[in-house]
Amino acid sequence: MLALGWERWLSLPWDSVVVHYHEIALKGGNRRPFTQMLCRNLRRALARYRATVRDLFDRLEVTPLEGTPSAGWIDEVAHAAAQVFGVAYAAPMRRLSRQLDELAMAAAQVYRAVAETGATFAVRVRRVDKTFPFTSRELEREIGQRVVAMTGAPVDLEEPAVEIRFRVYADHIALLGPKVVGVGGLPVGVTGRVLTLLSGGIDSAVAAWLIMRRGCFTDFLHFHAFPSAEEVKGTKIASIVERLVQPQGLRVRLFLVPYYAFQVAVMMAKVPAALELVLFRRFMVRVANQLARQRWYQALVTGDNLAQVASQTMENLRALDDASELPIFRPLLTYDKQEIIALAQRIGTYELSLQPYKDCCSLIARHPETRPKLEAVRHAESHLPINALVERTLAELVVWEIGQQGGEMAEG
């Protein structure tokens with residue numbers, strides 16, 4: 001359908017953009033809190049378009065605060081709404097009366113606007129209001145026959161070039177344009193608050209996107225190797241966070257903490273070089289746990305993948321879990337690298353992640369232990385003043401707020 005040209009569909013008169021959800025609809029009697037959160041998130045994400053969002057029986061409707069929407073407004077709002085987590089698809093919508101003549105005229109108008117000469121068509125009807133006197137099939141047949149009479153267009157019910165879609169409601173019938181496929185998932189904020197450990201590489205950004213797609217609000221913790229947090233400005237770190245949260249209309253916190261205190265302590269303690277990386281990652285987890293206790297995060301999120309690199313073996317991942325009081329979520333655990341790259345490209349973080357940056361993990365031993373014994377890790381860690389290091393590191397914490405001006409931020 002879109003092959004015929006999205007711009008042709010936009011040339012038609014539309015009243016609004018309709019937003020449909022899928023997974024939320026499966027919540028049954030618990031649906032209301034999910035749709036309320038989705039409405040709230042859409043209002044934030046679409047604030048720059050001066051839009052109002054209404055929660056209707058089985059869908060949400062987005063209309064301009066003033067006047068009739070332009071083709072440009074419909075285009076931008078449909079695509080922006082489709083990027084909000086929880087949205088299955090967005091589509092242009094026009095309200096019509098429940099009169100057959102008006103429906104047939106509208107269908108013929110669609111065909112003339114979007115169809116190539118001789119293109120086939122089909123009418124698709126979904127009857128939400130079951131009291132309407134025609135069944136869906138009867139209404140499809142009646143409208144289709146009238147369109148043929150007005151335009152001479154051929155019908156193809158199996159693979160039509162143009163689908164003309166209607167939904168029957170109690171007070172009107174909606175004519176729908178083509179779907180802009182959404183990102184799906186659940187609205188941010190419905191499943192809890194987490195803290196994502198953001199490295200600046202490809203994986204952790206994608207992990208954050210996936211956990212947000214499951215309804216979690218996330219802030220971000222980044223360990224930097226600069227003398228001061230100010231030097232992180234102008235690097236890719238803030239840009240990655242901005243890219244992740246901007247489509248949701250969110251404002252989040254980016255916590256910046258230094259790496260050097262741990263580095264100095266490891267050098268002075270002379271721990272085995274092969275264990276430096278796992279010890280540093282345990283240290284990051286301990287800092288994150290302390291921050292989470294202070295700010296009421298319920299879990300940590302990392303970009304870990306199983307066996308993708310030497311530090312991500314079962315033994316190394318277990319060593320991280322051993323250092324954490326909170327659950328550690330790993331959305332990428334079963335993904336291969338190409339799948340992760342494809343997702344990063346889709347969400348727009350891939351090119352940002354490739355920008356040069358002095359990542360802390362790259363400064364540590366190049367040949368880490370792949371299958372460390374937990375007892376050996378704990379023993380090496382006992383030579384470090386871990387609690388003092390955590391306190392010293394958090395004493396130098398710098399907090400940046402990133403995201404849409406006026407966007408809501410979870411308390412904590």
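Reply: First, a term: buried means under 20% relative accessible area, exposed means over 50%, and partly exposed is in between, with a 1.4 Å probe and protein chains only. Helices (H or I, at least four residues) and strands (E, at least two) are DSSP runs, numbered from the N terminus. This is a predicted model: local features need pLDDT of at least 70, side-chain atom pairs count only at pLDDT 80 or more, and totals for chains, interfaces and linings use all residues. Residues are numbered from 1 along each chain as its sequence is written, and side-chain values use heavy atoms, with hydrogens and water left out.

Me: OK, strand 7. Which way do its residues point?
Reply: Strand 7 covers residues 173-176. Ile173 and Leu175 point one way, Ala174 and Leu176 the other way. All are buried.

Me: Which sense does strand 4 take when it pairs with strand 7, parallel or antiparallel?
Reply: Antiparallel, over 4 bridges. Two strands pair if DSSP finds at least two bridges between them. Strand 4 is residues 89-96. Met93 stands opposite Leu176 there.

Me: And how many bridges for strand 6 and strand 7?
Reply: Also antiparallel, over 4 bridges. Strand 6 is residues 162-168. Val168 has Ile173 as its bridge partner. A hairpin through 4 residues joins strand 6 to strand 7.

Me: What holds strands together in general?
Reply: Strands of a sheet pair through backbone hydrogen bonds, either parallel or antiparallel.

Me: New topic. How many aromatic pairs are there?
Reply: The structure holds 9. Rings of Phe, Tyr and Trp (its six-membered ring) pair if their centres lie within 6.5 Å; planes under 30 degrees apart count as stacked, over 60 as edge-to-face and the rest as tilted. Phe132 and Phe134 form a tilted pair, 6.1 Å centre to centre with 40° between the planes.

Me: Are those two buried or exposed?
Reply: Phe132 counts as buried, at 5% relative accessibility. Phe134 counts as partly exposed, at 28%.

Me: Why is the pair of Tyr259 and Phe280 edge-to-face?
Reply: Because the planes are at 80°, with the ring centres 5.1 Å apart. Tyr259 lies in the loop between strand 11 (251-258) and helix 8 (260-269), and Phe280 in helix 9 (residues 276-295), so the pair ties together parts that are 21 residues apart in sequence. Tyr259 is buried at 4% relative accessibility. Phe280 is buried too, at 0% relative accessible area.

Me: Which rings are in the cluster?
Reply: Ring pairs link Phe223, Tyr259, Phe262, Phe280 and Phe283.

Me: Which charged ends sit over rings?
Reply: The charged end of Arg59 sits over the ring of Tyr169, 3.6 Å from its centre. The charged end of Lys179 sits over the ring of Tyr89, 4.5 Å from its centre. A charge sits over a ring if NZ of Lys or CZ of Arg is within 6 Å of the ring centre and within 35 degrees of the ring normal.

Me: Switching to helix 14. Which residues are buried?
Reply: Helix 14 is residues 386-395, and its buried residues are Ile386, Leu389, Val390, Thr393 and Leu394. Seen down the axis of helix 14, they fall within an arc of 125°, so they line one face. The arc is that of the directions from the helix axis to the C-beta atoms.

Me: What is on the face turned away?
Reply: The exposed residues Asn387 and Ala395.

Me: What covers the buried residues of helix 14?
Reply: The cover includes strand 11, helix 8, helix 9 and helix 13 (374-381). The cover is judged by contact, meaning heavy atoms within 4.5 Å.

Me: Where is Lys270?
Reply: In the loop between helix 8 and helix 9. Lys270 has a positive phi of about 55° although it is not a glycine. Lys270 is exposed, with a relative accessible area of 70%.

Me: Last one. What is the strand order in the open sheet?
Reply: The 6 strands run 13-12-9-10-11-14, with mixed pairing. Strand 13 (328-329) and strand 14 (398-403) are the edge strands, and each pairs on one side only. Strand 11 and strand 14 run antiparallel, joined by 6 bridges. Phe255 stands opposite Val399 in strand 14.
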